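Reader: I am new to this structure; could you take me through it step by step?

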Amino acid sequence: MTEDRLRVAMVGHGFMGAAHSQAWRVAPRFFPLDREPEMTVVVGRDPERTEAARARFGWQRAETDWRRVVEDPDIDVVDVCSPGSSHVEVAIAALEAGKHVLCEKPLANTVAEAEAMVAAAESAAARGIRSMVGFSYRRVPALAFARQLVQAGRIGEVRHARALYLQDWLTDADGPMTWRLDASLAGSGSLGDIGAHAVDLVEHITGATLGTVSGTLETFVHERPLLADGVGLSGTASDQRGQVTVDDAAWFTGRLTGGAARPGGTVATFEATRYATGRKNGLTIEISGSTGAIAFDLEAMNELHVYDTNAPAGEQGFRRVLVTEPEHPYMANWWPTGHPIGYEHTFVHEVVDFVTAITSGQQPEPSFAVGLHVQDVLDAVQRSAADGSAWTSIPRR
Ligand code: SOE
């Protein structure tokens, strides 16, 4: 009975492929799902590496021809985990073949590609086909809880949103070129890789939308050793050098309106870099409202710091809420009270929400349209930076 199962094909098997494989396997063990995901086929370019990924992550088959796989009538879902340059082709072909599509972030490398993907997703939706972009941090329970608090008015009108995404894995100027440093494969650098998460989270938590941005981009290291065995995410450096064609760091400010933003709008500030020496995966979000504030740091991802101006004078201060209780989003399905979860669980939650949307006939969030909007923001930051940080409008769609 194939209707009880959801046969999944995953394209790409790098870091994100590993995270998604784990999620497909674990989701039905901890969450009730109306259809059981079946890890049917993993697709990659290199037969040996793909076979190794199949064996390691537990897929049934390994294939190298993604086109044949997305057209296979025995596949229900295509999960796109390959570099950004491949998203547009794979996702559109899969949607046209009637497969539900989960696509890693950022949705595409350009606005034009994202537009084409939204058009394909909308026409597929009319045939009951679902699509979702993988902004996984929405599914960190502490951030899902932060959204609930802000949406319920618990911090009042939002006056400030500050988001920093700080990593340091590029600090060594002699570290090798990876595909993430090549604009033809990754689209942009820190801006799209990690700045995209910050944009999505600020908008998701506040329910407000960025309308204009002003930004600056910087590339610190322009040339790096090429990888001896092609362009992957890691490996041995060769003695040849290649050109870095993306930003290393991005700073931008944006005007936010609607949702919980104060009437008339407010300003959000963003920084994204992979050169923040000592910061490994430091995603911090702080939202300041008229009656309270929330603060989050991914390096302590089970905590949310909550400030309430209604607390008695003398007792005010940020309270550390351990977001590990059954009352918190997603947590009732994990461990007994007080037991933390980690990075990989966010992908499990993503799979659970995606499968639930498929089986209940609803559009999952974030949709490809949300992915296109984030792409519009990234594009406006790039245009602003090229134009001396001029305030630049983001299209209203
Ligand atoms: C690399 O910088 C990266 O893996 C991002 O691509 C992910 O989206 C983020 O979760 C962690 O950092």
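Predicted model: local features only at pLDDT ≥ 70, side-chain atom pairs only at ≥ 80, totals over all residues.

Reader: What radius of gyration does the protein have?

Author: The radius is taken over C-alpha atoms, and the globule rule is 2.2 Å times the number of residues to the power 0.38. For 397 residues, a compact globule would come near 21 Å, which agrees with the protein's own value of 21 Å.

Reader: How far apart are the end C-alpha atoms of helix H9?

Author: Helices (H or I, at least four residues) are DSSP runs numbered from the N terminus, as are strands (E, at least two). The expected span of a helix is 1.5 Å times one less than its number of residues. The 18 residues of H9, 343–360, should therefore span 26 Å, in agreement with the distance in the model, 27 Å.

Reader: Which residue follows H9?

Author: After H9 comes a residue whose phi is positive, near 70°, and this residue is Gly361.

Reader: Which residues surround the ligand?

Author: A residue counts as near if its C-beta atom, placed from the backbone, lies within 6 Å of the molecule. By class, the shell has two nonpolar, two polar and one charged residues. The surrounding residues are Phe15, Gln167, Asp193, Ile194 and Asn281.

Reader: How many helices and strands does the protein have?

Author: Its secondary structure comes to 10 helices and 17 strands.

Technical notes
Residues numbered from 1 in each chain as written. Nonpolar A, V, L, I, M, F, W, Y, C, P; charged D, E, K, R; others polar.
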